[in-house]
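Visitor: Hi! Could you walk me through this one?
Guide: Happy to, ask away.

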Amino acid sequence: MMAVSNDSVWMAQALRLAERALYTTSPNPRVGCVLVKNDKIVGEGWHERAGEPHAEVHALRTAGEAAKGSTAYVTLEPCSHYGRTPPCADALIAAGVKRVVVPVEDPNPQVAGQGIAKLRAAGITVECGLMEAAARQLNIGFFKRMAHGIPWVRSKIAASLDGRTALANGESKWITSPAARKDVQYWRARSCAVLTGIGTVLADDPQLSVREIATDRQPLRAVLDSSLSLPHNAKLLQQPGAVIYTANQDAEKIAALEQKGARVVVLPNAQGQVDVAAVMVDLAKRGCNEVLVEAGCQLNGALLKTGLVDELVLYLAPQFLGDVARGMVGLGELTHLTQRINLEWQDVRNVGQDLRILAKIR
């Protein structure tokens, strides 16, 4: 159905509202809602945190009696089930909304068209499809988790212009500028988990937490450590809740890490290493929509080769480190061009003195 007067304007506003919850709604999707009557906004809101009222409820509370006869622009199909909050479809029906415009159905099997069906059964006009691509992009990890049972995975890599992430001796602080390093904090803040490998922990002792920007939610800190060689004084263990994925079933080592407040998950593959595909499934079960990988070339390469990386966030510094410095991804020798990993540029911009490239895996 063709969009009527200003539908795109109001949906764009609803998407902007949803973006306000970019760092806070996990594991729920980011959703905004705008109520319009006589071509004027009478109510608006967004879902801020899991367990709190959804976007539609905030908008209806703002509108009050003015909601009756209005059009609701919601960035995702209104829910139809009782979770931690009542169904939003019921709230829209009770408020007397006459028309609902949504970009896309909710991929959650508990909803999956049932919210739209409930609204239509109540005599409300429902139109679906407006600005669908933008709505999907806003919740790209939620859609991936619901459809495939694994999160959307981004690998963040900071490198020189010749693709080197550290000198041969391991020195890497700092290749990129302070502006680029602060930009990384925003990617951490929107992620449900930050994942690294034991090599990075031993070399850099990272905290894997969000710093420099305001947030009341920290991502899950996750480490792949096949042999459980994680030092007990590692910075990421200073706060409880880190998840250590391992292939080692040594009960004594596991107990020692758990005493430090970590959760140890044993997921071995046939080669005695951590099964990275199983790790992604486990992270999804923990409600992780988006995972940010901050690791060295070996883990980056392993994830790419197994098809588990969806997107790269590359920071390229205007410098050369030479051909004996460490590379970005450990892919081994490729003997045919058909083995290459192809990328699709999404965005290229300057961040400080560096270049930031967003690229999806094709």
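Visitor: How many nonpolar, polar and charged residues are in the lining of the largest pocket?
Guide: The lining has 20 nonpolar, 16 polar and twelve charged residues. Here Ala, Val, Leu, Ile, Met, Phe, Trp, Tyr, Cys and Pro count as nonpolar, Asp, Glu, Lys and Arg as charged, and the others, Gly among them, as polar. This is a predicted model, where local features need pLDDT of at least 70, side-chain atom pairs count only at pLDDT 80 or more, and totals for chains, interfaces and linings use all residues. Residues are numbered from 1 along each chain as its sequence is written, and side-chain values use heavy atoms, leaving out hydrogens and water.

Visitor: Which residues lie nearest the centre of the largest pocket?
Guide: Thr200, Asp204, Glu294, Ala295 and Gly296, out of 48 lining residues. Elements that give two or more residues to this lining include strand E6 (152-160), H7, helix H8 (198-204) and helix H11 (297-305). Helices (H or I, at least four residues) and strands (E, at least two) are DSSP runs, numbered from the N terminus. A pocket is found on a 1 Å grid over the protein atoms alone, as an open set of points where a 1.4 Å probe fits, with protein on both sides within 12 Å along at least five of seven lines; lining residues have an atom within 4 Å of a point.

Visitor: Switching to Arg190: buried or exposed?
Guide: Arg190 counts as buried because its relative accessibility is 13%. Buried means under 20% relative accessible area, exposed over 50%, partly exposed in between (1.4 Å probe, protein chains only). Arg190 sits in helix H7 (residues 178-190).

Visitor: What does the side chain of Arg190 make a polar contact with?
Guide: The side chain of Glu290, at 2.9 Å. A polar contact is a pair of N or O atoms within 3.5 Å; within protein, one must be able to donate a hydrogen and the other to accept it, and residues adjacent in sequence count only if both atoms are side-chain atoms.
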